[in-house]
Amino acid sequence: MIKVLVVDHHPIVRAGLKLLFDTDPDIEVVGTIGTGIEIFEFIRRFPVDVIISEIDLPELNGITALRAIKKEHTDLKVIMFSHHPEEIYAISTIKAGASGYLSKSVDTKTIKEAVLKVYNGGIYLSENMAKHLNYDDTKNSKSKLYKRLSTREVEVLKLLSSGKKNKEIAQELDINEKTVSTYKARLFKKLNVTNLVDLIHQAKHIGTV
């Protein structure tokens, strides 16, 4: 049995995924938790093969948690499960160490397919996203997807958009406050804005936050 941990701050999502696999012969949901911080205690105490995690989590966002998890548990597979646009977040999360990205609009069959694929060492992306990547590989050119925002820039942008100051962002991401300022400057340049209000507005416009 593949042991799955579900991480989502919505109780209905946790309950739904547990119910989905209750009678499955291949997959067992061994735990459901609501915050990023809880992941570390759980995986230290119980065996887990695959984590299905939302990006927007209380206390510690899913991408930051993902980085930390992969440092300590390199063999653990993580599928990001989110309502955020795949075109922007799928690449960022895969680069950060995820084994797959699932939109919350997918059907139940697809969720099982994704779990089986990543458990067996594959990377799960939607057919549309996989085509994008294959096309870019064959053309040997940099994709527009890669030219967007780095994983770290996405994290900083999300925290700025939630109203956090540079110092708070530095503490949450465990980086220097000057580094946060550098990322902020890059975001201004990449999104072609000159102030924080316009930055957040532009980010919402392209679906990043």
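Two strands count as paired if DSSP finds at least two bridges between them. The views below show a predicted model.

**View 1. The whole chain, by its elements and surface.** The protein chain holds 11 helices and 5 strands. Of its 209 residues, 48% are buried. The exposed surface comes to about 11,100 Å². Carbon and sulfur atoms supply 51% of that area. Take the contacts between residues at least 6 apart in sequence: 64% of them join residues at least 24 apart.

**View 2. The open sheet of 5 strands.** The strand order is β2-β1-β3-β4-β5, and the pairing is parallel. Strands β2 (27-33) and β5 (100-103) form the edges, each pairing on one side only. From one strand to the next, the twist averages 25°.

View 3. Strand β4 spans residues 77-82 and runs parallel to β5. The two strands are joined by 4 bridges. Phe 81 has Leu 102 of β5 as its bridge partner. Helix α4, residues 86-95, packs on the sheet and touches both β4 and β5. The direction of α4 makes about 155° with that of β5.

**View 4. Ser 53 in strand β3.** Strand β3 covers residues 50-53, and Ser 53 lies in it. Is Ser 53 buried or exposed? The relative accessible area of Ser 53 is 3%, so Ser 53 is buried, the cut-off being under 20%. Which residues touch Ser 53, leaving aside its neighbours within four places in sequence? The contacts are Val 7, Ile 79, Met 80 and Phe 81.

**View 5. Helix α8 packed against helix α10.** A packed helix pair is described by the angle between the axes and the distance between them. Here α8 (residues 151-161) and α10 (residues 177-190) pack at about 95°. Their axes are 10 Å apart. The angle therefore makes α8 roughly perpendicular to α10, since 65 to 115 degrees counts as roughly perpendicular.

**View 6. Side chains and classes at the α8 and α10 contact.** From α8, the contact takes in Arg 152, Glu 153, Val 156, Leu 157 and Leu 160. From α10 come Tyr 183, Lys 184, Arg 186, Leu 187 and Lys 190. How many residues of each class does the contact of α8 with α10 have? There are 5 nonpolar and 5 charged residues, with no polar ones.

Technical notes
Residues numbered from 1 in each chain as written. Predicted model: local features only at pLDDT ≥ 70, side-chain atom pairs only at ≥ 80, totals over all residues. Heavy atoms only, no water. Axes fitted to C-alpha atoms, helices over the stretch in contact; angles between N-to-C directions. Contact = heavy atoms within 4.5 Å. Buried < 20%, exposed > 50% of the residue type's maximum accessible area, 1.4 Å probe, protein only. Areas by Shrake-Rupley, 256 points an atom, 1.4 Å probe, with all protein chains shown as cover. Parallel < 35°, antiparallel > 145°, perpendicular 65-115°, else oblique. Nonpolar A, V, L, I, M, F, W, Y, C, P; charged D, E, K, R; others polar.
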